Amino acid sequence: MINVFIPHRWIYNDYQIISDLLDRTKYVVRDYSVPAERALERIDGRYNVDPQIKNRILMSSVIVVSNRPGNSNGMTLDEVRYANSIGKPIVAIRIVENCNTNFSVMGIEVIPRRRDSLEKWIEANVK
């Protein structure tokens, strides 16, 4: 079993795309993300990353994110930066064509949106 956190914004369907991709892998996944039906009631704006989200990231063994946040600044990218700062393995799935340097600066690999690519990455990077 792998524990996964998927940083995302509700205005895109990236969460569903990544969740569906994970469901097709050979792994049993425990999802610590925040899907719409379990949305957090409050986000504490005093923090760069809400403590509730930090806790979910801490419980995760891997962070799987769309390459979309690499194109802008915002809450999702802050979550990825936090996960990176505590040494969580992070992989970005190519959902949009363009991706600026935010992910490459953090050493985050962007892989194709394919089951076999994700399985190989997890095998190589998640202990």
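This is a predicted model: local features need pLDDT of at least 70, side-chain atom pairs count only at pLDDT 80 or more; totals for chains, interfaces and linings use all residues.
Residues are numbered from 1 along each chain as its sequence is written, and side-chain values use heavy atoms, with hydrogens and water left out.

Back to R114. Which residue does R114 meet in a salt bridge? The partner is D116, at 2.6 Å from N to O. D116 is partly exposed as well, with a relative accessible area of 26%. By salt bridge I mean a side-chain nitrogen of Lys or Arg within 4 Å of a carboxyl oxygen of Asp or Glu. In general, side chains of opposite charge can pair when their charged atoms come close. By this rule, the count here is five salt bridges.

Let me show you two more. E123 pairs with K26, and their closest N and O atoms are 2.4 Å apart. This one links distant parts of the chain: E123 is in helix α5, K26 is in the loop between α1 and β2 (29–31), and they are 97 residues apart. E123 counts as partly exposed at 46%, while K26 counts as exposed at 54%.

Then there's R81 with D78, where the closest N and O atoms are 3.7 Å apart. Both sit in helix α3, three residues apart, about one turn of the helix. Is D78 buried or exposed? D78 is buried, because its relative accessible area is 17%. R81, at 33%, counts as partly exposed. Leaving aside neighbours within four places in sequence, D78 is in contact with N48 and V49, where contact means heavy atoms within 4.5 Å.

Now, the overall layout. The chain has five helices and five strands; these are DSSP runs, with helices being H or I of at least four residues and strands E of at least two, numbered from the N terminus. Follow the sequence and you read β-α-β-α-β-α-β-α-β-α. Of the 127 residues, 46% count as buried. Among contacts between residues at least 6 apart in sequence, 71% join residues at least 24 apart.

So what's inside? A nonpolar core is a set of buried Ala, Val, Leu, Ile, Met, Phe, Trp, Tyr and Cys residues joined through side-chain atoms within 4.5 Å. The largest one has 19 residues, and V4, I18, V62, V64, I93, L118 and W121 touch the most other members. β1, α1, β3, β4 and α5 each give two or more residues to this core, and α1 brings the largest share, five residues. Apart from this core lies another, of 16 residues, including F5, V80, A83 and M106.

Zoom in on V64: beyond its neighbours within four places in sequence, V64 is in contact with V4, F5, I6, P7, I18, V91 and I93.

Last stop, helix α5, residues 115–125. Which of its residues are buried? They are S117, L118, E119, W121 and I122. Among the elements covering them are β1 (2–5), α1 (14–23), β3 (62–66), β4 (90–93) and β5 (109–111). That's my tour, thanks!

Terms used: Buried means under 20% relative accessible area, exposed over 50%, partly exposed in between (1.4 Å probe, protein chains only).
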